[in-house]
Amino acid sequence: MARKPKGRSISGLFLLDKPQGLSSNSALQRVKRLFGAAKAGHTGALDPLATGLLPVCLGEATKFSQYLLDSDKRYLTTAKLGQRTDTCDAEGEVTEEKPVPQDLTPEQVEALLLEHFSGEIEQVPPVYSALKLNGQPLYKLARQGIEVEVKPRQVRIHEIKLLALREDEVDLEIFCSKGTYIRSIVEDLGLLLGCGAHVTVLRRLQTGPFHADQMMTLEQLQSLAEPRADEAENSIHQRLDALLLPAWSPVAQLPALELTAEEVDRMRVGQRFRAANAGSLSGELRLFSEGQTEFMGIGEIGTDGVLRAKRLVSTN
């Protein structure tokens with residue numbers, strides 16, 4: 001018999017402002033512990049150096065985390081010019097130093113950004129990354145001194161803006177597809193400038209439809225989780241649960257379809273059918289009971305007009 005997971009059976013999405021110096025998994029575990037949740041998962045790791053938006057899925061919301069993993073992201077980054085490191089960021093060892101061009105202008109940097117970092121591009125991920133080779137993360141192989149060939153991958157840069165150019169620093173804002181490594185962009189920019197560069201600041205501002213102004217720090221969450229005078233545990237839970245976005249938030253971009261009571265029963269037993277309220281809807285859909293009183297999960301209407309369950313939430 002499978003052991004019942006420890007913790008509360010709560011579901012929803014929490015938007016964390018991850019602090020610098022903490023791994024994404026460590027941040028996830030702290031959020032999970034503060035909520036007392038039985039199940040949790042994040043939606044796209046940030047390096048320990050990085051800060052900013054880390055959506056944390058609790059409970060049934062974890063079933064839809066892939067939609068945020070696959071979503072576009074927006075970052076602010078500061079690149080230090082004149083130095084390359086083995087990790088492409090400030091946590092690594094300096095491997096090369098060269099003088100920064102004294103006559104470098106914002107117009108020159110912007111021209112390089114437009115020519116080399118706009119639209120569909122190929123980039124080589126950093127060796128110190130969580131990408132896996134034969135089941136092993138690349139950063140573990142790199143720490144063992146094992147040299148591996150990292151293949152280029154195609155990503156899309158929707159927008160890249162130069163925010164500031166100082167003597168040996170560049171501030172950029174980058175809106176990009178999933179899988180884009182900001183460290184690789186900075187590394188490649190440094191090579192194009194002839195002086196090298198590495199990331200010193202990285203902050204995620206957006207994941208899919210969620211933005212930085214919606215997130216909360218661990219300190220703020222910790223403060224709300226602390227009991228007040230003679231306060232019952234249930235009151236603390238209610239206060240924390242009010243912070244959560246609905247479990248369907250990771251798929252908020254999908255059209256909603258309301259099912260009749262009979263259709264809800266048929267969906268729960270795995271039947272396929274033509275939904276009465278589907279109209280011209282097709283593709284992936286969020287499924288709700290009538291009046292949107294209960295989120296059922298994700299379904300899909302194919303070219304045959306038949307609704308099929310794709311991923312349903314638990315009713316336990």
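This is a predicted model: local features need pLDDT of at least 70, side-chain atom pairs count only at pLDDT 80 or more; totals for chains, interfaces and linings use all residues.
## Strands side by side

Two strands count as paired if DSSP finds at least two bridges between them. Strand β16 covers residues 283-289, and four bridges join it to β15 (residues 256-259), the two running parallel. In this pairing, L257 stands opposite L287 of β16.

Strand β16 also has β17 (residues 295-301) as a partner: six bridges join them, and here the strands run antiparallel. R286 stands opposite I298 in β17. The hairpin formed by β16 and β17 has five residues between the strands, and G291 takes a positive phi near 80° there. How much of β16 is covered? Five of its seven residues are buried, so the strand is mostly covered.

## Aromatic rings and charges

A handy reminder before we go on: a pair of aromatic rings is described by the distance of the centres and the angle of the planes. The model has four aromatic pairs. One of them joins F288 and F295, with ring centres 5.4 Å apart; their planes meet at 50°, so this pair is tilted. Both partners are buried: F288 has a relative accessibility of 2%, and F295 has a relative accessible area of 13%. Which residues do ring pairs link into a cluster? They are F64, W248, F288 and F295.

Charged groups meet rings here too. Elsewhere, the charged end of R74 sits over the ring of F175, at 4.3 Å from its centre.

## Helix α3 and its two sides

Helix α3 spans residues 106-116, and its buried residues are V109, L112 and L113. Why do these three share a side of the helix? They cover an arc of only 100° around the axis, which puts them on the same side of α3.

As for the buried residues of α3, they pack against β10 (153-165), β11 (169-176) and α5 (182-193).

In soluble globular proteins, nonpolar side chains tend to be buried together. Here the largest nonpolar core has 30 residues, and those with the most contacts inside it are L81, L113, I174 and I182. At least two residues of this core come from each of β4 (73-81), α3, β10, β11, α5 and β12 (197-207). Helix α5 gives the most, with five residues.

What does I182 touch, leaving aside its neighbours within four places in sequence? Its contacts are Y75, T77, I174, C176, V199 and L202. A second, separate core has 20 residues, including A27, L221, I236 and L244.

To finish, a look at S24, which is found in helix α1 (residues 24-35). Is S24 buried or exposed? Its relative accessibility is 4%, so S24 counts as buried, the cut-off being under 20%. Setting aside neighbours within four places in sequence, S24 is in contact with K18, H42, A45, L46 and L54.

Note on methods
Residues are numbered from 1 along each chain as its sequence is written. Side-chain values use heavy atoms; hydrogens and water are left out. Rings of Phe, Tyr and Trp (its six-membered ring) pair if their centres lie within 6.5 Å; planes under 30 degrees apart count as stacked, over 60 as edge-to-face and the rest as tilted. Buried means under 20% relative accessible area, exposed over 50%, partly exposed in between (1.4 Å probe, protein chains only). A charge sits over a ring if NZ of Lys or CZ of Arg is within 6 Å of the ring centre and within 35 degrees of the ring normal. The arc is that of the directions from the helix axis to the C-beta atoms. Contact means heavy atoms within 4.5 Å. A nonpolar core is a set of buried Ala, Val, Leu, Ile, Met, Phe, Trp, Tyr and Cys residues joined through side-chain atoms within 4.5 Å.
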